[in-house]
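This report concerns the structure shown below. It is written to be read alongside the model and its sequence.

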Amino acid sequence: MRKIILLLLLGLPLISVAQQTLSLEDCYALANKNYPLSKQNSLLQQKSNLDTEALNKGKLPKIDLNAQATYQSDVTALPISLPNVTVTPPNKDQYRATLDFNQLLYNGGLIDANTKIKEAQTKLQQQQVEVSLYQLKTRINQLYFSTLLLQERASLLLAKDEQLDSKIKEVKVGVKYGAILPASEKVLEAEKLKIKQQLTEIQFDKKTALKSLSTLTYSTIDEKAILVKPETVTNSNTTNNRPELKLFDLQNEQINLSKSLISKNNLPKVNAFGQAGYGNPGLNMLDNSFQTFYVVGVKANWNVFDWNKSKTEQQALTVSEAIVSTEKETFELNTNLQLQEMENEIMKTETVITTDSEIIALRDYVVKSSDAQLKNGVITASEYLVELTNLFEAKTNEKLHQISLALAKANYQVVKGY
């Protein structure tokens, strides 16, 4: 039996090393890495690169191959006859194949403006992904600290169980010599069974909580994992670093780029073009034979009047900009109100914690006094258990308050954007 106990004791360090330890920052990192939405950032960047590449193709020459064969009911003919001149009218069946070339020379930077808008849209969409991922932190906090509280409760119950083991040994001696009633031992053993029940409940509750945390972080967390209590300190910096604020800024940036695009739409556009072909007739309509031909030139287009369409679109974008500004202002206001409430909650919990140690010290004194009384048969085991339970209830309350404070501080940091 002693050999078995010795082997178990030697194996404890190995077991503790094998156990997975998990911090709150680990959970944040796992969610950012594994959550399906996080994959969108690279996909959005790929899409943006392809869109930009497609837009830049507009700067390259366009080459079209066209062919047609027609038959028409009538053709052009001279209404008069000239002496000694025979003018053969074109054939009613005509054939033509052409290679058309078109090269953009100037469009006021329209392609570059569209490229910048595409890039701004990608940044905006990627920031929306960041906002969604950031919002997971509050849910992670809730699950993490709930599990941490279960872990602390289990630790306290194990300490209480050890204390009861020691007390049962003393009671057995007292019963043997008639100083303590035999029923006292049964009372303490019943309490041990109650602790065993509570530990079983905690074990299953922790397993469920860790499973939810695994699902949320898209990772495998061992049900025996040890959670590390974070040393959370509220940041005194008044700057709000929430990703939503950057999202509002990117929305305004996109609106400004859209305004620039509208102004470029009305600038002149210049293209060089050319056409090389083979057909019957060619450019000479009076020559009924297959001929090669070509045409080259430059074409300019300028929409000098658009019935104030551009002006109206600019005004609509200005209104959109004002809407974004009001949304940002509202978000900052609500965030500040939330932070004020959380600061008050933190201060309240810190004040409550200051009295926990005093309560525990008093309860511990009472338990020691009850312990001596139980040994001398002055009180029963039930009366001793009441005081012992009160002591561990005070210790549990202290752990609850400490974890509630850590949760409040972690949520405060999330709301503030750190």
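The sections below treat the basis of the model, a helix contact, the pockets and cavity, salt bridges and backbone geometry.

## Basis of the model

The model is predicted: local features need pLDDT of at least 70 and side-chain atom pairs count only at pLDDT 80 or more, whereas totals for chains, interfaces and linings use all residues. Residues are numbered from 1 along each chain as its sequence is written, and side-chain values use heavy atoms, with hydrogens and water left out.

Helices (H or I, at least four residues) and strands (E, at least two) are DSSP runs, numbered from the N terminus.

## Contact of helix 4 with helix 7

Helix 4 (residues 110-134) and helix 7 (residues 243-265) have axes that come within 9 Å and cross at roughly 165°. Helix 4 is therefore roughly antiparallel to helix 7. Axes are lines fitted to C-alpha atoms, for helices over the stretch in contact, and angles run from 0 to 180 degrees between N-to-C directions; angles under 35 degrees count as roughly parallel, over 145 as roughly antiparallel, 65 to 115 as roughly perpendicular and the rest as oblique.

The crossing of helix 4 with helix 7 is left-handed (the near helix is turned anticlockwise from the far one by less than a right angle; clockwise would be right-handed). The contact of helix 4 with helix 7 comprises 12 nonpolar, 8 polar and 5 charged residues. Here Ala, Val, Leu, Ile, Met, Phe, Trp, Tyr, Cys and Pro count as nonpolar, Asp, Glu, Lys and Arg as charged, and the others, Gly among them, as polar.

## Pockets and cavity

On a 1 Å grid over the protein atoms alone, a cavity is a set of points where a 1.4 Å probe fits but cannot get out, and a pocket is an open set with protein on both sides within 12 Å along at least five of seven lines; lining residues have an atom within 4 Å of a point. Grid points are joined across faces, edges and corners, and a volume is the space filled by probe spheres set on the points.

The largest pocket has a volume of about 520 Å³. Its lining has 14 residues, with Ala154, Gln203, Lys206, Glu223 and Lys224 nearest the centre. Helix 5 (136-176) and helix 6 (183-217) are the elements that give two or more residues to this lining, which divides into 6 nonpolar, 4 polar and 4 charged residues. The second largest pocket has a volume of about 240 Å³. Helix 5, helix 6 and helix 9 (381-416) each supply at least two of its lining residues, and the lining includes Arg153, Glu191 and Phe392. By class, this second lining has 3 nonpolar, 3 polar and 5 charged residues.

There is 1 cavity of 30 Å³ or more. The largest cavity has a volume of about 40 Å³ and is lined by Tyr28, Ala31, Asn32, Leu133, Tyr134, Leu136, Lys137 and Ile140. Helix 2 (24-34), helix 4 and helix 5 each give two or more residues to the lining of the largest cavity.

## Salt bridges

The structure holds 20 salt bridges (a side-chain nitrogen of Lys or Arg within 4 Å of a carboxyl oxygen of Asp or Glu). Lys47 and Asp51 form a salt bridge at 3.1 Å, N to O. Lys47 and Asp51 are separated by about one helical turn because they are 4 residues apart in helix 3 (residues 40-56).

## Backbone geometry

Most residues other than glycine have a negative phi, and most peptide bonds are trans. The peptide bond from Asn280 to Pro281 is cis, with omega near 0°; Pro281 is in the loop between strand 5 (269-280) and strand 6 (291-301). Tyr218 has a positive phi, near 50°, and lies in the loop between helix 6 and strand 4 (226-227).
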